[in-house]
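Here is a short briefing to read alongside the structure. Have the viewer open, and follow the topics one by one.

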Amino acid sequence: MGKEILVIGHQRPDTDSIAAAIGYAALRNKTDGGGFQAARCGKLNGETEFVLSYFDVPVPPLVNDVRARVKDVLDGGLLFIQPGATVRQAGIFMRQHGVKTLAVVDENRHLLGLFTVGDLARLLLEAWDTGNVPMDEPVYKVMQSDNLVIFNQDDLITEVRRTMLETRYRNYPVVDDNHCLVGLIARYHLLAMRGKRVILVDHNEKSQAVPGIEEAETVEIIDHHRVADIETAEPIMVRNEPVGSTATIIARMYKERGLDPDAAVAGVLCAAILSDTLLFKSPTTTQVDKELAAWLADIAGLDVANFGREMFRAGSSLRGRSGREIILEDFKSFNFGSNRVGIGQIEIIDPDTLPVGRDELQAELEKLQAEKQYDLVVLMVTDLMRNGTELLFAGPQGRAVELAFNVTPGEKSVFLPGVMSRKKQVVPPLRRLLQG
C-alpha cells in the first residue's frame with residue numbers, strides 16, 4: 001500500500017463503513033490526482049459481500065493495524081553488489097553513489113553479507129604492514145556475513161528502534177520473507193519517519209478504530225456518529241453530520257464538487273444509505289438521505305425498493321453461523337464512563353432465518369462478556385418486517401437495560417416495537433445511565 005493515505009472504517013465493518021471508504025477514496029483520487037486507498041480492518045459481512053459483488057467492486061485490502069513498519073520508511077533506493085565483484089569495484093561503486101554500506105547478494109537477490117567503507121579502510125590499514133593491497137580480491141572473501149543484524153520489512157519500527165539503540169551500526173539490511181534484499185535502513189530513516197496517514201470514516205472512537213491508530217497520523221474524519229475520543233496532534237478537517245449514513249455525507253461531497261461518482265461507486269454508496277437507514281425505516285433517516293439515495297440510484301440504474309429487499313435478504317442469511325459469529329456480525333465497543341459496553345446488531349426479515357436458538361445466543365453473550373470483561377453486552381435482533389428489535393443482554397450492568405427499556409428484573413431479553421437504531425435508540429439511554 002506504500003505511501004498512500006488509507007481511507008478506512010471501523011473494526012467489524014458494515015456496508016456503510018466499506019462504502020464510505022470506497023466512495024471517499026474514489027472522490028479524492030479524482031480531485032487530488034491519486035494517492036488515496038480504500039481499506040478495511042475486518043472481515044466483510046454477508047450483506048457487504050453481496051453489495052460489492054452486485055456492483056463488481058473489488059474488496060478493499062485488509063489492514064490489520066497501522067503501526068509503522070520497516071517497509072513504510074524505506075526510500076525505494078536499492079543498491080547492492082554481486083559477490084564476485086572486486087574490492088576495487090566495490091570502492092568505486094560506493095564513491096559514485098555516495099554510500100558507505102553495500103549489500104552483497106546472489107543472482108536471486110538473496111542477502112549474503114555486507115561490505116562497508118569501514119571494511120575497506122580496515123583492508124587498506126592491514127595492507128600498510130604487508131604491502132599487499134587486496135583491491136582485486138572478490139568481495140565475498142572479505143565481506144561481513146556472520147552475526148549480521150537483519151530486519152524483516154514487516155518488523156515494527158518500535159522494535160527496530162530498540163535494536164538500533166543496542167547495536168549502533170550505520171546501516172541494517174532489510175529482507176522479505178524469502179530473505180531477498182529490499183533495502184537498507186539507518187537511523188536517519190527513523191528521524192525522518194512519519195506515521196501512516198489515515199482518514200477515518202464512519203467512526204471517530206478509538207475502541208472501534210483500526211489497531212495502532214495511536215501511532216498513525218489521522219488527517220481527516222468523516223462520520224455521522226457522536227463525537228468521541230480520537231485525538232490528533234494538529235487541527236484536521238472533521239466532517240460530522242446528523243444524517244443516517246456516512247455514505248450520505250460522501251454523496252453530498254460529490255455534489256458540492258459538481259462531480260458524479262462512477263456508476264458502481266454510486267451503487268455502493270446508495271446501498272450503504274439503504275443499509276444504515278434500514279430502507280428509510282430507522283429514526284436516523286433524514287430527507288437528505290432519501291434525496292441523495294435517489295440521486296445515486298439514478299446514476300447506478302437501481303430500483304431502490306427491489307434492490308433494498310434483495311440486499312437485506314442476502315445480509316440476513318445467517319445459515320451456518322455460530323452464535324458467537326452472529327453476535328459479532330456487526331459489533332461495536334463503547335466506553336461509557338468507567339463501563340465497557342459491547343453492542344451487536346443483526347437485521348432479519350424472517351425470524352426463521354436465525355440458525356441458532358435464543359438460549360445459545362444468550363449463552364454466547366455471557367461467555368463473551370466474561371472473556372472480554374465487558375460490563376454489559378447487548379445483541380439487537382432487528383426485525384425489518386415487524387419494525388422492532390429484540391434485545392438480549394448479559395453482564396453485571398444488565399440493570400441499565402432494565403431501567404432504560406422497562407424490562408422486568410430477571411428477564412434477559414425484551415422486544416422493543418419501533419426500535420431500529422443502535423446509534424439513536426439504544427446507545428443514548430445506556431450512555432446516560434452508565435456515563436456517570
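Gly308 has a relative accessibility of 0%, so this glycine counts as buried. Keep in mind as you look around that this is a predicted model.

**Around Gly308**

- Gly308 is part of helix 11, which covers residues 304–315.
- Once the neighbours within four places in sequence are set aside, Gly308 is in contact with Leu274 and Leu279.
- Ile273 is 35 residues away from Gly308 along the chain, and 10.0 Å separates the C-alpha atoms of the two.

- Three strands make up an open sheet in the order 6-7-8, with mixed pairing.
- Its edges are strand 6 (151–152) and strand 8, each of which pairs on one side only.
- On one side of the sheet, strand 6 and strand 7 run parallel and are joined by two bridges. Asn152 has Val175 in strand 7 as its bridge partner.
- Strand 7 (residues 172–175) and strand 8 run antiparallel, and four bridges join them. Here Val174 stands opposite Gly183 of strand 8.
- Strand 7 and strand 8 form a hairpin with five residues between the strands, where His179 adopts a positive phi near 65 degrees.
- Is strand 8 (residues 181–185) largely enclosed or left open by the rest of the structure? Four of its five residues are buried, meaning under 20% relative accessible area, so strand 8 is largely enclosed.

**Helix 1 against helix 8**

- Two packed helices are described by the angle between their axes and by the distance between those axes.
- For helix 1 (residues 15–32) and helix 8 (residues 246–256), the angle is about 15 degrees and the axes lie 8 Å apart.
- Why do helix 1 and helix 8 count as roughly parallel? Angles under 35 degrees fall into that class, and the angle for this pair is about 15 degrees; helix 1 and helix 8 are therefore roughly parallel to each other.
- The crossing of helix 1 past helix 8 is left-handed.
- On the helix 1 side, the contact involves Asp16, Ala20, Gly23, Tyr24, Ala26 and Leu27. They meet Thr246, Ala247, Ile250, Met253 and Tyr254 of helix 8.
- By residue class, this contact of helix 1 with helix 8 has eight nonpolar residues, two polar and one charged.

Definitions and conventions:
Residues are numbered from 1 along each chain as its sequence is written. This is a predicted model: local features need pLDDT of at least 70, side-chain atom pairs count only at pLDDT 80 or more; totals for chains, interfaces and linings use all residues. Side-chain values use heavy atoms; hydrogens and water are left out. Buried means under 20% relative accessible area, exposed over 50%, partly exposed in between (1.4 Å probe, protein chains only). Two strands pair if DSSP finds at least two bridges between them. Axes are lines fitted to C-alpha atoms, for helices over the stretch in contact, and angles run from 0 to 180 degrees between N-to-C directions. Angles under 35 degrees count as roughly parallel, over 145 as roughly antiparallel, 65 to 115 as roughly perpendicular and the rest as oblique. A crossing is left-handed if the near helix is turned anticlockwise from the far one by less than a right angle, and right-handed if clockwise. Contact means heavy atoms within 4.5 Å. Ala, Val, Leu, Ile, Met, Phe, Trp, Tyr, Cys and Pro count as nonpolar, Asp, Glu, Lys and Arg as charged, and the others, Gly among them, as polar.
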